[in-house]
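Visitor: Could you walk me through this structure, one question at a time?
Guide: Gladly, let us look at it together.

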Amino acid sequence: MALASRARALLPGARSWGAVLARVTAQRAMSHRVVVETDAAAGVAVMKFRNPPVNSLSLEMVTELVINLEKLENDKTVRGLIFTSESPGVFSSGLNLLDMYGRNPAHYAEYWKAVQELWLRLYQCPMVTVATINGACPAGGCLISMTCDYRVMADNPKYTIGLNETQLGIVAPFWFKDTLVNTIGYRASEISLQLGLLYPPAEALRVGIVDKVVPEDQVHSAALAVMAQWLAIPDHARQLTKAMLRKPTVDNLVRQRDADIQQFVSFISRDSIQKGLQMYLQMLKQKKA
Ligand SMILES: CC/C=C\C/C=C\C/C=C\CCC/C=C/C(=O)SCCNC(=O)CCNC(=O)[C@H](O)C(C)(C)COP(=O)(O)OP(=O)(O)OC[C@H]1O[C@@H](n2cnc3c(N)ncnc32)[C@H](O)[C@@H]1OP(=O)(O)O
């Protein structure tokens, strides 16, 4: 199902994106997974992840993120957007394993199309985007952070960030890899991606996967300070510069979206990959016990 249809399916009766968005606003209380708080005077919105227990990027969560992003992009009073977790401890546990395990090919295709849509929107976002990383930030969580213009991480050694896909026996697709290479460079990506490294704050800063590490109680004020610095630049100049820098990476996915979906579906449907995901989910349960 196309993402627009998916959004409409989440909000039955809405005939257009405008209607979808109007109803999302009206039904804010029903939208549990993403909370947006806007400071109109400052021109800054904060998007808080609220998808317990670990802010996994389920199909519903991804759809809500896309809808809210589109709405903010259409609101010309909002120039900056901060992402964070409503509950410190986990920023996002990444893609929802339960959308990639034990489902049918049509579901995998629908999920992957939505994940692609989210990345395309985030990576090309005209607003200044800052990730306030106030918890664990593996895989898809790290991807969201890396699409931002700037990353501030709380200095808590329990929190780690990185693309750990290989540790799950899966492979980060080329556009995850491209985003990492654009963030930390080629050689560091070779090491980071093959070993599936998750970096605690000090190492994350050293490798450049985050830009600033601050005491946990200062993470939001630090993000606001960074935002103020970036908002001092005229929007049109900054936006054109961002688009110029990111266009080749975006075009690379746009050219081969359907092929990428097919590759994902065939890869994730393999018995060996499904078995690996099952074991990983069991491992998470045992760790908890
Ligand atoms: C040539 C090229 C070939 C192929 C390429 C083509 C295609 C590519 C194919 C695949 C690409 C996929 C890319 C995948 C990206 C991802 O993001 S995968 C997700 C990776 N995420 C993780 O590894 C994180 C796993 N979770 C954790 O480490 C921890 O949960 C945490 C540190 C985030 C939080 O720890 P705790 O607070 O201690 O919480 P628990 O561990 O107890 O978890 C509570 C609860 O939540 C469940 N859960 C955790 N993470 C997820 C998740 N990502 N999705 C779904 N569910 C998750 C966990 O199992 C617990 O469940 P219950 O036991 O309560 O039922």
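Visitor: In the hairpin of S1 and S2, which residue takes a positive phi?
Guide: This is a predicted model, where local features need pLDDT of at least 70, side-chain atom pairs count only at pLDDT 80 or more, and totals for chains, interfaces and linings use all residues. Residues are numbered from 1 along each chain as its sequence is written. Strands here are DSSP runs of E with at least two residues, and helices are runs of H or I with at least four, numbered from the N terminus. The hairpin has four residues between its strands, and the one with a positive phi, near 75 degrees, is Gly-43.

Visitor: Over how many bridges do strand S1 and strand S2 pair?
Guide: Two strands pair if DSSP finds at least two bridges between them. Val-35 stands opposite Lys-48 in S2. S1 (residues 34-39) and S2 (residues 44-49) pair in the antiparallel sense, and the number of bridges is six.

Visitor: Which strands stand at the edges of the open sheet?
Guide: Three strands form this sheet in the order S4-S6-S8, with parallel pairing. Val-90 stands opposite Ala-136 in S6, while Cys-137 has Ile-161 in S8 as its bridge partner. Each edge strand has a single partner, so one side of each is left without a neighbour in the sheet; these are S4 (89-90) and S8 (161-162).

Visitor: Is Met-61 buried or exposed?
Guide: A residue is buried if 20 or more other C-beta atoms lie within 10 Å of its own, exposed if 12 or fewer, and partly exposed in between, with C-beta atoms placed from the backbone. Met-61 has its place in helix H3 (residues 59-74). Because it has 23 C-beta neighbours inside 10 Å, Met-61 counts as buried.

Visitor: Which residues is Met-61 in contact with, leaving aside its neighbours within four places in sequence?
Guide: Contact means that two C-beta atoms, placed from the backbone, lie within 7 Å. The C-alpha atoms of Met-61 and His-32 are separated by 8.9 Å, although these residues are 29 apart along the chain. With those sequence neighbours left aside, the contacts of Met-61 are Arg-33 and Asn-51.

Visitor: How many degrees of arc do the buried residues of H6 cover?
Guide: In H6 (residues 174-184), the buried residues are Trp-175, Phe-176, Thr-179, Leu-180, Thr-183 and Ile-184. They lie on the same side of H6 because their arc around the axis, taken from the directions from the helix axis to the C-beta atoms, is only 155 degrees.

Visitor: Which helix gives the largest share of the shell around the ligand?
Guide: A residue is near a molecule if its C-beta atom, placed from the backbone, lies within 6 Å of it. Of the 30 residues around the ligand, Ser-93, Gly-94, Leu-95, Ala-139 and Gly-140 come nearest. Strand S6 (135-138), helix H11 (257-268) and helix H12 (271-288) each give two or more residues to the shell. The largest share, five residues, comes from H12.
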